[in-house]
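Biologist: I am new to this structure and would like a close look at a single part of it. Please take the side-chain contacts slowly.

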Amino acid sequence: MGAPGNRRLDRAARDAELAFHFNGAPLTGLPGDTIASALLAAGVDIFARSLKYHRPRGPFCLSGRCSHCLVRVDGIPDVVACTTPLAAGMQVVAQNAYPSAKHDVLAAIDWLFPKGLDHHAMFAGVPLVESAVAAVARHVAGLGPLPERVGLPGEPIVRRSCDLAIVGAGPAGLALGHALRERGLAIELIEERTRVGGRLRSGLDFGPSDPDLAGAESAASECEASGVRLSVQTAAIAAYREGDGRPLLLRSIDPPRLTLLDAREIAFCNGAIEPLWPFEGNDLPGIFAGRALARLVRDQRVLPGDRAVVFGSSGAALALARLLAQSGASDVVLVDPSGALDDSSVRLLKGRELLRAEGNKRLQGIELLSADGAHERLECDLLALVGPGAPSFELARQAGASVAFGESQGGYFVVAREGTTVAEGIYAAGDVAGATSAQRARAAGEALGRALAGRPP
């Protein structure tokens, strides 16, 4: 791995640099980068400061699900750095910091109020002082100043219709689209990332029955060749119930556009998110969701740390630890809280609980608690959390599907029934319905495809 300011693993076949600025400093990225991957490759860890206590913020989920990487781009606030493609000439600025994200004087709030700050009650009822405190609170509140330009042009809204909208082009969505591709239906396959594959892009699904990424990409090509309309970099942001129709509101990144898609039926195959675990210091830059980190290493060829700890008890955690070691991390430790893993290819610590992450402006180490009550500190600048995903049920719920608490899926809510839901014309398959593996997700998509294909015309 390169120096802290050069975390790019290689430049193979991607030597056309894109020049941009961060906080006025010139940087370069590569085609295929997001703003976040380009900043991480350049050694930038702090993208912003938190809203109230001005704690340092850096990417965690790399999928647009958290608010840790919001930046200001070309005068527009709150741009999600991890999902926005890098473009030449971009002016990127950190938010919520004075004078800079690296040296923010307002971070003193966190130090001055270690037990928390209730700014609503601060000096309430004290003449003059109350007004002054309220004015300061209003000044520092909010996620960035308003846009610099007044009257920004609105996105054009397009309206079209289809027989079946499939939200998510991971194992389940691709299997469903592939099963129905030659049934004479107008099918839209919607994927919010730049590439299809979903969880397969992390490379952490390696079971003998798990689908591979090459097969998923081939299935997407066959779907398109059969007339399925595939839209990448397009997020389904709302689902409505409007008479007999089921409109979906889509937002495309490139080109920027809003689309109202009138779908006769909708299949939600939009997977699961990687949640941030509850432990002290969990918001420090340098802490990543496990599959997100694997995608960063594989797709963008960026390794944002040198001394890594992977925390998890699954085969995916072991696969990530091996990936980081093979990618050049000088020290990799796999911490298995369950004690079930057994592998000699990586340094393995069993039966430890994660107590806290430590560091000033970024991760510097973690503290573990063993079963016998002993405390242990590991120095690290990279921590990956690998555990069960939380099903992305919200859109399906908006569309009328019911949800239930799923203990077997790690205690998160899941869409109640895979395939047909309680709402007519609304379906769900894959991780969003609690599949928990790539093989099960693909099988669920195939099963739903067979069921829909077998209906009378």
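How many aromatic pairs does a search of the whole structure find?

Modeller: The model is a predicted one. Searching the whole structure gives one aromatic pair. Two values are needed for it: a pair of aromatic rings is described by the distance of the centres and the angle of the planes. Here the rings belong to Trp277 and Phe311, with centres 5.8 Å apart and planes at 75°, so the pair is edge-to-face; that label applies to angles over 60 degrees. The two residues are 34 apart in the chain, and the pair links distant parts of it. Trp277 sits in the loop between strand E14 (272–273) and strand E15 (287–289), while Phe311 belongs to strand E16 (residues 307–311). Phe311 has 6% relative accessibility and therefore counts as buried, the limit being under 20%.

The cysteines come next. The whole structure contains zero disulfides. For Cys61, the closest cysteine sulfur is that of Cys66, 3.6 Å away, which is too far for a bond because a disulfide needs the sulfur atoms within 2.5 Å. Cys61 is buried, at a relative accessible area of 4%. Cys69 is in no disulfide either, and its nearest cysteine sulfur, in Cys82, lies 3.7 Å away. With 2% relative accessibility, Cys69 is also buried.

Leu128 has a relative accessible area of 74% and is exposed.

Terms used: Residues are numbered from 1 along each chain as its sequence is written. This is a predicted model: local features need pLDDT of at least 70, side-chain atom pairs count only at pLDDT 80 or more; totals for chains, interfaces and linings use all residues. Side-chain values use heavy atoms; hydrogens and water are left out. Rings of Phe, Tyr and Trp (its six-membered ring) pair if their centres lie within 6.5 Å; planes under 30 degrees apart count as stacked, over 60 as edge-to-face and the rest as tilted. Helices (H or I, at least four residues) and strands (E, at least two) are DSSP runs, numbered from the N terminus. Buried means under 20% relative accessible area, exposed over 50%, partly exposed in between (1.4 Å probe, protein chains only).
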